[in-house]
Amino acid sequence: MSAPVTALFRPRTLNDALKMRAEQPGATVMAGGTDVMVYIESGTLKPTAILDLWGCSGLRWQQSITGGQFHGAGLTCTDVLRSGQSHPLLEAAAATVGAVQIQNRATLGGNICNASPAGDTLPVWLALKAEFEVASVRGRRRIPAASFWQGYKKIDLRPDELFLGILIPPLFGHTHFRKVGTRLAQSISKVVFAGRYNPGVDACLAFGAVGPTPMRCLKAETALVAGAAVDDVVQLVREEIAPIDDIRSTAVYRRQVAGNIVRRWLTSL
Ligand SMILES: Cc1cc2nc3c(=O)[nH]c(=O)nc-3n(C[C@H](O)[C@H](O)[C@H](O)COP(=O)(O)OP(=O)(O)OC[C@H]3O[C@@H](n4cnc5c(N)ncnc54)[C@H](O)[C@@H]3O)c2cc1C
């Protein structure tokens with residue numbers, strides 16, 4: 001049975017949201033609720049107070065700014081797909097989250113802060129070298145995506161902070177997104193990949209669902225930029241990832257598939 005929620009806070013502005021967060025650091029933050037509601041229903045989360053950000057307009061905007069593009073934490077996957085202004089890697093990931101009903105509620109901030117290693121947008125932020133902006137009434141901080149996920153479901157967010165949004169710097173190169181799940185819709189990733197490759201300059205081979213956090217294959221990236229053969233890059237990818245057997249797949253399958261994804265993409269270029 002669900003626990004009784006005795007207080008519900010619904011800020012309309014970012015300032016109010018930050019004040020409420022400071023006053024109620026124990027409240028469960030909820031955006032679209034597609035993860036939180038599942039946890040409540042299953043009894044793994046028993047909040048007594050909820051800070052509901054769904055109506056907070058200060059989190060739901062997108063803008064090109066000097067040096068990149070900013071996406072507010074409250075943008076949903078549907079917002080991303082409708083705007084046509086997001087990076088193609090992000091659009092590709094947003095289109096694979098759940099199905100339309102979930103995409104209408106699932107926010108970028110929720111995907112990032114839920115910190116499931118299988119979250120579909122997570123490798124995208126690594127591939128795009130994104131920075132995350134978080135804030136409290138004390139001020140704002142920027143955190144590189146690469147250091148935000150600190151362990152399984154552990155994030156660099158303090159109890160009085162909210163996740164504000166994502167800054168994507170302008171980057172060049174070929175990009176590729178691939179999710180492998182049981183079905184095309186309503187399926188959690190067995191392996192999810194986001195890659196960016198600017199030949200001779202830099203590369204980013206980022207995976208989800210192959211370790212406790214989303215991860216880059218740094219040795220494989222270095223080899224790729226240095227002109228290594230595709231087979232060697234694939235071998236390094238398979239060595240660097242750290243998949244496990246779980247209810248969705250096996251480590252052996254994930255290693256095989258991760259290498260296949262990279263091989264097919266690089267061969268196609
Ligand atoms: C049927 C179904 C299918 C799904 N399919 C997929 C899928 O294919 N791929 C995938 O990646 N995910 C999937 N999910 C998971 C979920 O939809 C996503 O993780 C989604 O992006 C979560 O966003 P939300 O706004 O609903 O988060 P919420 O449930 O509201 O919150 C998730 C977490 O983030 C925290 N949070 C949210 N916003 C903020 C903020 N601004 N500041 C601080 N903390 C915050 C919350 O406290 C909570 O811990 C699925 C879920 C369901 C129920």
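Contact here means that heavy atoms lie within 4.5 Å, and with that cut-off Cys204 touches Leu126, Ala127, Ala194, Gly195, Arg196, Arg216 and Glu221, not counting residues up to four places away in sequence. This is a predicted model, in which local features need pLDDT of at least 70 and side-chain atom pairs count only at pLDDT 80 or more, while totals for chains, interfaces and linings use all residues. Residues are numbered from 1 along each chain as its sequence is written, and side-chain values use heavy atoms, with hydrogens and water left out. Helices (H or I, at least four residues) and strands (E, at least two) are DSSP runs, numbered from the N terminus.

- The chain is assigned domain 1 (1-54 + 61-171) and domain 2 (188-268), with bounds that come from an automatic or database domain assignment.
- The C-alpha centres of domain 1 and domain 2 lie 25 Å apart, and the contact between them takes 17 residues from domain 1 and 18 residues from domain 2.
- The size of an interface is often given as the accessible area lost when the parts come together. Domain 1 and domain 2 bury about 1300 Å² between them, with 70% of it on carbon and sulfur atoms; buried area is the accessible area (1.4 Å probe) that two parts lose on being put together, summed over both.
- On the side of domain 1, Pro117, Pro123 and Leu126 supply 36% of the area that this domain buries against domain 2, more than any other three residues.

**The five-stranded sheet**

- Five strands form an open sheet in the order E4-E5-E10-E6-E7, with antiparallel pairing, where two strands pair if DSSP finds at least two bridges between them.
- Strand E4 (62-65) and strand E7 (139-144) are the edge strands, each pairing on one side only, and neighbouring strands of this sheet are turned by 25° against each other on average, direction ignored.
- Strand E6 (residues 131-136) pairs with E7 in the antiparallel sense over six bridges, and Ala135 stands opposite Arg140 in E7.
- Helix H1 (residues 14-23) packs on the sheet, touching E6, E7 and strand E10 (162-168), and its direction makes about 130° with that of E10. Axes are lines fitted to C-alpha atoms, for helices over the stretch in contact, and angles run from 0 to 180 degrees between N-to-C directions.

- Cys204, which has its place in strand E13, counts as buried because its relative accessibility is 0%. The C-alpha atoms of Cys204 and Pro123 are separated by 9.6 Å, although these residues are 81 residues apart along the chain.
- E12 and E13 pair in the antiparallel sense over seven bridges, with Gly195 standing opposite Leu205 in E13. The hairpin of E12 and E13 has three residues between the strands, and in this hairpin Gly200 takes a positive phi near 80°.
- E13 is also joined by two bridges to strand E14 (residues 215-216), the two running antiparallel, and Ala206 stands opposite Arg216 in E14.

**Two non-glycine residues with positive phi**

- Ala209 is found in the loop between E13 and E14, and its phi is near 70°, a positive value in a residue other than glycine; at 10% relative accessibility, Ala209 counts as buried.
- Lys129 is found in the loop between helix H7 (122-127) and E6, with a positive phi near 50° in a residue other than glycine; at 38% relative accessibility, Lys129 counts as partly exposed.

**Helix H11**

- The 18 residues of helix H11 (residues 251-268) should span 26 Å at 1.5 Å a residue, and its end C-alpha atoms are 26 Å apart, which agrees; the expected span is 1.5 Å times one less than the number of residues.
- The buried residues of H11 are Ala251, Arg254, Val257, Ala258, Gly259, Ile261, Val262, Trp265 and Leu266. What covers them includes strand E11 (174-180), strand E12 (191-198), strand E13 (202-208), helix H9 (218-225) and helix H10 (230-240).

How values were computed. Buried < 20%, exposed > 50% of the residue type's maximum accessible area, 1.4 Å probe, protein only.
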